[in-house]
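Colleague: Hello! Could you walk me through this model, one question at a time?

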Amino acid sequence: MSTYDMIVKEGESKAQKVFEELLAKERQRAEEERMLAVEERMRAVEEEHQRAEEERLRLNNTILNLYRIAKMPVPEIALMVGIEFEYIEALIAKSEQEEKKA
C-alpha cells in the first residue's frame, strides 16, 4: 500500500469517526428534545386533570350548598347545573354519610 493510500485511508477513518461523533451528538440532542416534549405534555395533562378536579369540587360544593342552604329540590338542581339526577342524589348521600362519620 502506497503512502498516499495510507493517508487517504487514515483521512477516511478520521472522517468516519467525526461523522459518527456528530451523529451521536445529534441523536442525543434529538432524544433530549423528545424527552422535554414528553415532560411538557405530561405537565399539561397533569394541569388539565388538576383544573378538572378543582372544577368538579366547585360544582359539587355548589350542588351541596343549593341543596342544604337554599333548600332547593334535587330535580331543580339537576336542571340548573346540567348534571344527572342520580349523580346529585349519590353526592348528597355520600356527603350525609361523611357527616355522620365525623
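This is a predicted model: local features need pLDDT of at least 70, side-chain atom pairs count only at pLDDT 80 or more; totals for chains, interfaces and linings use all residues.

Colleague: How are H2 and H3 oriented to each other?

Modeller: Helices here are DSSP runs (H or I, at least four residues), numbered from the N terminus. H2 (residues 74-81) and H3 (residues 85-101) pack with axes 9 Å apart, at an angle of about 120°. Axes are lines fitted to C-alpha atoms over the stretch in contact, and angles run from 0 to 180 degrees between N-to-C directions. Angles under 35 degrees count as roughly parallel, over 145 as roughly antiparallel, 65 to 115 as roughly perpendicular and the rest as oblique, so H2 and H3 are oblique to each other.

Colleague: And how are H1 and H3 oriented to each other?

Modeller: The axes of H1 and H3 come within 10 Å. They cross at roughly 80°, and therefore H1 and H3 are roughly perpendicular to each other.

Colleague: How many nonpolar residues are in the contact of H1 with H2?

Modeller: Contact means heavy atoms within 4.5 Å, and Leu59, Ile63, Leu66 and Tyr67 of H1 meet Val74, Ile77, Met80 and Val81 of H2. Ala, Val, Leu, Ile, Met, Phe, Trp, Tyr, Cys and Pro count as nonpolar, Asp, Glu, Lys and Arg as charged, and the others, Gly among them, as polar. In the contact of H1 with H2, no residues are polar, none are charged, and the nonpolar ones number 8.

Colleague: Which element gives the largest share of the lining of the largest pocket?

Modeller: A pocket is an open set of points on a 1 Å grid over the protein atoms alone, where a 1.4 Å probe fits, with protein on both sides within 12 Å along at least five of seven lines; lining residues have an atom within 4 Å of a point. Among the lining residues are Arg56, Asn60, Tyr87 and Lys94. Helix H1 (3-68) and H3 are the elements giving two or more residues to that lining. The largest share, 6 residues, comes from H3.

Colleague: How many charged residues are in that lining?

Modeller: The lining of the largest pocket has 5 nonpolar and 3 polar residues. Its charged residues number 3.

Key: Residues are numbered from 1 along each chain as its sequence is written. Side-chain values use heavy atoms; hydrogens and water are left out.
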